[in-house]
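Here are my notes for your review, as numbered points. Please read them beside the model.

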Amino acid sequence: MADQKQRIYLSSPHMGGEELDFINDAFEKNWIAPLGSNVNGFEKDLQHYTGRGHAAAITSGTAGIHLALILCGVKPGDEVICQSFTFAATANPILYQGAKPVFVDSEPDTWNMDPALLEEAIIDRLTVGEGEESSKPKAIIAVHLYGMPAKMDKILKIGEKYGIPVIEDSAEALGSSIDNRKCGSFGNLSILSFNGNKIITTSGGGALLGDDEDIIAKSRFLATQARDDAPHYQHSEVGYNYRMSNIVAGIGRGQMKVLDDHVNIRRQIHQFYFDNLGQSWLSGDSKADLKNQASPMGVYFLKEPEECFSNRWLTTIIINPEETGGVSREDVRLALEKENIECRPLWKPMHMQPLYSESPYYGNGVSEVLFEFGLCLPSGSNMTEGEREKVLYFLKKELRIDD
Ligand SMILES: *Cc1c(COP(=O)(O)O)cnc(C)c1O
């Protein structure tokens with residue numbers, strides 16, 4: 001067995017140092033639970049950082065999407081449009097509500113929801129066949145995958161045009177921005193995740209953000225068992241136990257102090273891989289690109305569109321075996337795994353998942369290409385210089401890249 005300490009992870013927790021001060025403060029005041037000053041402070045930090053009016057600290061990003069769907073009025077049988085190229089946590093809360101996901105593929109510039117396909121999907125869902133009832137989708141869930149901002153401008157315009165609220169899954173994109181406006185501030189409702197592998201972590205946690213005070217207040221109500229205002233326990237609607245604890249929020253307050261450092265380091269790591277692995281961007285139509293736009297190394301990166309700033313949560317590469325002498329992304333992944341270096345394929349699109357095989361899907365093939373050829377590289381802000389060099393060494397070795 002290899003020494004687990006030596007393993008190089010994709011992304012592991014990286015504490016800044018002040019987290020314990022906030023936790024100690026909670027211990028001293030015996031404010032272990034419920035809620036308390038760390039929760040309030042963390043919510044303020046998040047509002048301030050994202051420029052959002054209101055934030056509710058909760059147990060996970062998944063809980064955030066669930067609450068957002070409830071607040072958008074999603075009921076059993078309703079349809080919800082969701083980016084196909086994402087982690088299952090984006091889509092699963094649609095099923096929690098008994099609703100039906102409708103998946104939309106990505107565009108090649110950001111790898112996120114294709115606005116043209118989104119509109120096509122909406123029009124198609126609105127078109128009523130004979131004897132059918134019109135089913136206007138109740139919400140749109142767009143994701144900023146790997147920290148790269150989606151084309152929110154266009155997506156929000158389409159949402160407005162058809163009167164459908166947009167839920168922004170910013171779980172991977174805290175610290176990213178579009179035209180200097182922070183991700184987490186675009187959606188009618190937005191969510192963040194502080195899971196262990198995210199850019200900052202509270203060990204596990206999330207947030208729901210919005211500008212309407214009443215709606216975020218309602219989310220706090222739902223997240224604390226939906227207790228009516230009465231001295232006894234009285235309930236008029238179903239509630240959840242989704243609120244963040246005061247201890248966990250203490251970790252979050254400490255992590256907020258190092259968030260921008262983490263973003264800078266992750267961007268440096270991305271630059272390091274880019275400078276050393278061929279300097280080729282993938283742009284335009286990704287499938288055609290793999291065939292037509294030869295890379296000196298057969299390795300491609302995702303370029304940051306001009307208006308976008310990505311936190312580069314994970315560095316992702318596309319490996320074209322036709323240019324690497326037949327070496328595939330899976331060959332590279334397995335070779336690095338032998339060295340105890342964790343790499344992973346890009347997210348398997350939801351429309352390809354057994355769980356969602358029956359769901360409607362509006363596609364263009366982009367996410368399938370990304371899944372087939374893409375690989376996530378170790379990108380943690382706590383990686384040492386030596387670890388970066390080690391990953392690069394074995395990447396070059398497997399890809400037969402000479403200096
Ligand atoms: C991590 C993640 C989530 C879920 O967040 P949790 O806090 O782990 O529940 C949702 N969507 C995306 C895109 C994620 O990466």
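1. Strand β10 runs parallel to strand β11 (residues 299-302), and two bridges join them. Within that pair, W281 has F301 of β11 as its bridge partner. Strands here are DSSP runs (E, at least two residues), numbered from the N terminus. Two strands pair if DSSP finds at least two bridges between them.

2. The coordinates are a predicted model: local features need pLDDT of at least 70, side-chain atom pairs count only at pLDDT 80 or more, and totals for chains, interfaces and linings use all residues. Residues are numbered from 1 along each chain as its sequence is written, and side-chain values use heavy atoms, with hydrogens and water left out.

3. Back to the sheet. β10 and β11 belong to an open sheet of five strands, ordered β10-β11-β13-β16-β14, with mixed pairing. Its edge strands are β10 (281-282) and β14 (344-345), each of which pairs on one side only.

4. Another open sheet has three strands in the order β7-β6-β12, and its pairing is antiparallel. β7 (181-182) and β12 (308-309) stand at its edges with a single partner strand each, so one side of each is left without a neighbour in the sheet. Strand β6 (residues 177-178) is joined to β7 by two bridges. There, I178 has R181 of β7 as its bridge partner.

5. Which residues come nearest to the ligand? Of the 15 around it, they are T62, D169, E172, S193 and K198. Being near takes a heavy atom within 4 Å. Polar contacts are pairs of N or O atoms within 3.5 Å. S193 places a polar side-chain atom 2.7 Å from an oxygen atom of the ligand. For K198, a side-chain N or O atom is 3.4 Å from a ligand oxygen. T90 has a polar side-chain atom 3.4 Å from a ligand nitrogen.

6. A cavity is a set of points, on a 1 Å grid over the protein atoms alone, where a 1.4 Å probe fits but cannot get out; a pocket is an open set with protein on both sides within 12 Å along at least five of seven lines; lining residues have an atom within 4 Å of a point. Grid points are joined across faces, edges and corners, and a volume is the space filled by probe spheres set on the points. Two cavities of 30 Å³ or more are counted.

7. The largest cavity holds about 60 Å³. Its lining includes Y146, H270, R312 and T316. By class, that lining has five nonpolar, four polar and one charged residues. Ala, Val, Leu, Ile, Met, Phe, Trp, Tyr, Cys and Pro count as nonpolar, Asp, Glu, Lys and Arg as charged, and the others, Gly among them, as polar. At least three lining residues come from each of domain 1 (19-258) and domain 2 (260-399). Those bounds come from an automatic or database domain assignment.

8. The second largest cavity has a volume of about 40 Å³. Its lining has three nonpolar, seven polar and two charged residues. K198 is one of the lining residues. Domain 1 (19-258) and domain 2 (260-399) each supply at least three residues to this lining.

9. The largest pocket has a volume of about 330 Å³. Among its lining residues are Y146, W313, R344, P345 and C376. Eight nonpolar, two polar and two charged residues make up the lining.

Methods: Helices (H or I, at least four residues) and strands (E, at least two) are DSSP runs, numbered from the N terminus. A polar contact is a pair of N or O atoms within 3.5 Å; within protein, one must be able to donate a hydrogen and the other to accept it, and residues adjacent in sequence count only if both atoms are side-chain atoms.
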